[in-house]
Amino acid sequence: MAVRGPSSSSRPYQLIVFGASGFTGRFVVEEVARSSAEVPGGKLTWAIAGRSRDKLEKVLQEAAQQLDKLQVDRQEIGAEGKPELQSEVEIIVADVSEPDSLAAMCKLGLVILNCVGPYRFYGEPVVKACVENGAHCVDISGEPQYLESMQLSYGAAAADGGVYIVGSCGFDSIPADLGVIYTRDQFKGTLTAVESFLTASSGPEGSCIHDGTWQSAVYGVADSDKLRSLRKKFNHKPLPVVGAKIKRRSTLFYSNEIQQYTIPFMGSDPSVVKRTQRFLFEEHQQTPVQYGAYAGVGGISSVIKLLFAGFIFFLLVKFSFGRNLLIKFPEFFSCGYFSKAGPSRKQMEGSSFRFAFFGEGYSDGQDPSQGKPDAKIRTLVQGPEAGYVATPIAMVQAALTILTEPDALPKRGGVYTPGAAFAKTSLIKRLDQHGIHFSVL
Ligand SMILES: NC(=O)c1ccc[n+]([C@@H]2O[C@H](COP(=O)([O-])OP(=O)(O)OC[C@H]3O[C@@H](n4cnc5c(N)ncnc54)[C@H](OP(=O)(O)O)[C@@H]3O)[C@@H](O)[C@H]2O)c1
């Protein structure tokens with residue numbers, strides 16, 4: 001029988017944001033502060049962690065200023081309560097390259113929110129320290145190789161320790177993974193296949209993605225050959241294909257679904273959704289849903305820009321000299337999609353994402369092993385700017401779900417996808433309440 005993770009009485013902090021001084025970490029800190037009244041008792045105990053105390057102090061100062069602004073807005077609408085960040089939130093110094101510092105951090109917290117990436121370089125020591133010291137962990141990795149190798153290496157130890165390690169709790173891949181689960185739950189019958197189409201929009205100021213994600217993508221693509229050999233080690237039987245087999249689309253096509261040119265989605269969503277569907281099939285005997293993920297790129301001028309950037313990217317990424325160039329000049333080589341400075345707050349305010357899900361299956365009473373699907377469903381997951389608004393919301397709500405709904409999590413600890421960990425929790429409802437909306441069309 002698995003031990004049920006850490007207990008709140010033995011640890012001073014319910015949440016610890018690790019990597020709080022990073023571009024994303026700073027927004028996660030603000031989101032924790034905004035959500036700190038959402039625990040039973042109304043007062044979350046939390047700390048921030050990273051390798052530089054000076055930087056972390058500045059993070060708290062900046063977050064306090066942002067909350068001050070929020071407070072002005074809240075007063076205007078008659079709401080109360082401003083967290084006193086600098087006096088209430090402790091700072092913990094911990095460095096990925098110093099295992100003792102990670103162990104000490106993990107012993108202090110119930111859930112670690114790990115924002116230190118690229119995860120392929122920095123993620124494993126944090127997972128190891130969490131498992132060995134009984135802290136749950138959520139991260140925002142979009143790197144399948146890291147995510148799957150953590151499952152392989154630490155799944156059993158996490159289960160023995162009653163610890164939940166849940167990767168990809170940001171925009172990669174909560175909207176896609178929970179979007180498929182939501183679509184299945186809304187479907188009247190047996191859902192057998194879903195395609196998702198992502199579109200992102202920005203306001204007049206435009207937008208971009210911070211360098212941290214660019215680095216993760218560069219090294220991830222460079223190393224993608226290793227993923228196949230890693231997957232063999234799981235020794236999985238192929239998932240059964242129930243119903244009509246989902247058709248593979250080409251590398252670039254005009255999508256009538258979203259009325260623009262579209263490519264296969266390059267991030268972690270297909271890997272994460274597939275792992276979730278495997279878990280739900282093997283643990284709960286649910287029909288696996290086949291999944292195809294696509295992303296809209298826009299009109300013909302965007303296609304030309306993307307083809308140019310893609311060609312250079314794939315040419316350079318395989319050589320260490322090329323990778324150094326890509327890492328040094330993200331803005332140039334991504335045609336402005338990524339930048340060292342990251343998006344401004346104004347750019348974030350004007351940005352949003354929209355995931356359209358097109359599902360098909362067999363209505364109640366129909367046998368999915370016979371004939372073609374006879375029913376369709378369309379659902380939508382939409383929300384604010386993906387990387388630094390939606391991601392912190394998703395990550396913080398995932399962490400709060402672990403904290404407050406232990407009985408709805410899988411019975412044993414383990415290394416889980418968001419869908420596997422949270423399928424039976426209220427996470428979709430929580431996200432909906434925080435601006436990431438799920439709906440049936
Ligand atoms: N899922 C999503 O949609 C999503 C969205 C956003 C970001 N992300 C991912 O989140 C990760 C971070 O991205 P970012 O843009 O925030 O990157 P970033 O600004 O470079 O932040 C990296 C953080 O890691 C810390 N760090 C680096 N080495 C460390 C070490 N040895 N010990 C302790 N801390 C260390 C840095 O600390 P210092 O401040 O001291 O340098 C910094 O806080 C990336 O992997 C990115 O892909 C995912």
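**Cores and domains in a predicted model**

The protein chain is divided into domain 1 (8-171 + 387-440) and domain 2 (174-386), with bounds that come from an automatic or database domain assignment. This is a predicted model, in which local features need pLDDT of at least 70 and side-chain atom pairs count only at pLDDT 80 or more, while totals for chains, interfaces and linings use all residues. Residues are numbered from 1 along each chain as its sequence is written.

Trainee: What makes I16 a residue in contact with W46 and I92?

Mentor: Two residues are in contact if their C-beta atoms, placed from the backbone, lie within 7 Å. Leaving aside neighbours within four places in sequence, I16 meets that criterion with residues including W46, I92, M105 and L113.

Trainee: Why is the set of 107 residues called a nonpolar core?

Mentor: The term denotes buried Ala, Val, Leu, Ile, Met, Phe, Trp, Tyr and Cys residues joined through C-beta atoms within 7 Å, where buried requires 20 or more other C-beta atoms within 10 Å of the residue's own. The largest such core has 107 residues, and those with the most contacts inside it include I16, F18 and C130.

Trainee: How many residues of each domain take part in the contact between domain 1 and domain 2?

Mentor: By the contact criterion, 38 residues of domain 1 touch 43 residues of domain 2, and the C-alpha centres of the two domains lie 24 Å apart.

Key
Buried ≥ 20, exposed ≤ 12 C-beta atoms within 10 Å, placed from the backbone.
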